[in-house]
Amino acid sequence: AMGDALRDDHPYTIKFYIQTQVEVFGPALFQLYNALRDDDVVPFALAHNYAHTANAVWEYLTDHPVHALQFQKASHSVNAMSTGAITRDFDWGGRCRTVVDFGGANGAFLA
């Protein structure tokens, strides 16, 4: 059924992705207008009352372990959904000499 991907135990669950987007990143959407008017505004930092730096997200996740775990699970599920298609469908043969996997979840892309 269509709703199966919302379950925790589905191999390609989107539950944690949706939770993270709504609970962690959603409030920052309401601050985008402020960022358009002021170059020093970092929407995420403003929404969550953190210093206006590029590290605001990581500081927030360090301070909120429940959301950090949701973010980790979201990264893992998005990685699980996309890795197979990317590794299977891309013509790696003549295009690449070196492939680098820059983080994400668990290194499954190169596994």
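1. Ground rules. The model is predicted, so local features need pLDDT of at least 70 and side-chain atom pairs count only at pLDDT 80 or more, while totals for chains, interfaces and linings use all residues. Residues are numbered from 1 along each chain as its sequence is written, and side-chain values use heavy atoms, with hydrogens and water left out.

2. Helix α1. Helices are DSSP runs (H or I, at least four residues), numbered from the N terminus. α1 covers 15–29. Its 15 residues should span 21 Å at 1.5 Å a residue, and the end C-alpha atoms are 20 Å apart, which agrees. The expected span is 1.5 Å times one less than the number of residues. A kink of about 35° is centred on V22; the bend at a residue is the angle between axes fitted to the seven residues ending there and the seven starting there.

3. The buried side of α1. Which residues of α1 are buried? They are F16, T20, V24, F25, G26 and A28. Buried means under 20% relative accessible area, exposed means over 50%, and partly exposed lies in between (1.4 Å probe, protein chains only). The cover over the buried residues of α1 includes α2 (32–37), α3 (43–48), α4 and α5.

4. Helix α5. This helix runs over 65–89. α5 has 25 residues and reaches 36 Å from its first C-alpha to its last, close to the 36 Å expected at 1.5 Å a residue. α5 also has a kink of about 35°, here centred on S82. Its buried residues are H67, Q70, A74, S75, S77, N79 and T83. Among the elements that cover them are α1 and α4 (56–63).

5. The nonpolar patch. L6, Y12, Y17, I18, V22, V78 and M81 make a nonpolar surface patch of about 610 Å². Such a patch is made of residues with over 30% relative accessible area and no salt bridge, with nonpolar side chains (Val, Leu, Ile, Met, Phe, Trp, Tyr) joined within 5 Å; like charges, for their part, are joined within 9 Å. Areas come from the Shrake-Rupley method with a 1.4 Å probe, and for residues only the protein chains shown count as cover. α1 and α5 each supply at least two residues of the patch, and α1 gives the most, with three. Y12 is found in the segment before α1. Y12 counts as partly exposed because its relative accessible area is 42%.

6. Salt bridges. Side chains of opposite charge can pair when their charged atoms come close. A salt bridge here is a side-chain nitrogen of Lys or Arg within 4 Å of a carboxyl oxygen of Asp or Glu. How many salt bridges does this rule give? The count comes to three. D4 pairs with R7, the closest N and O atoms being 3.3 Å apart. R7 also meets D9, at 2.8 Å from N to O. D8 forms a salt bridge with K15, with the closest N and O atoms 2.6 Å apart. Salt bridges that share partners join D4, R7 and D9 into one network.

7. D4 is partly exposed, at 28% relative accessibility, and R7 is partly exposed at 38%. D9, at 57%, counts as exposed. In the pair of D8 and K15, D8 is partly exposed at 46% and K15 is partly exposed at 25%.

8. Q31. This residue lies in the loop between α1 and α2. Is Q31 buried or exposed? Q31 counts as buried because its relative accessibility is 18%. Leaving aside neighbours within four places in sequence, Q31 is in contact (heavy atoms within 4.5 Å) with P43, L46 and A47.

9. A54. The loop between α3 and α4 holds A54. A54 is exposed, with a relative accessible area of 72%. A54 and P27 are 27 residues apart in sequence, and their C-alpha atoms are 17 Å apart in space.

10. D89. This residue is found in helix α5. D89 counts as exposed because its relative accessibility is 57%. D89 and V78 are 11 residues apart along the chain, and their C-alpha atoms are separated by 17 Å.
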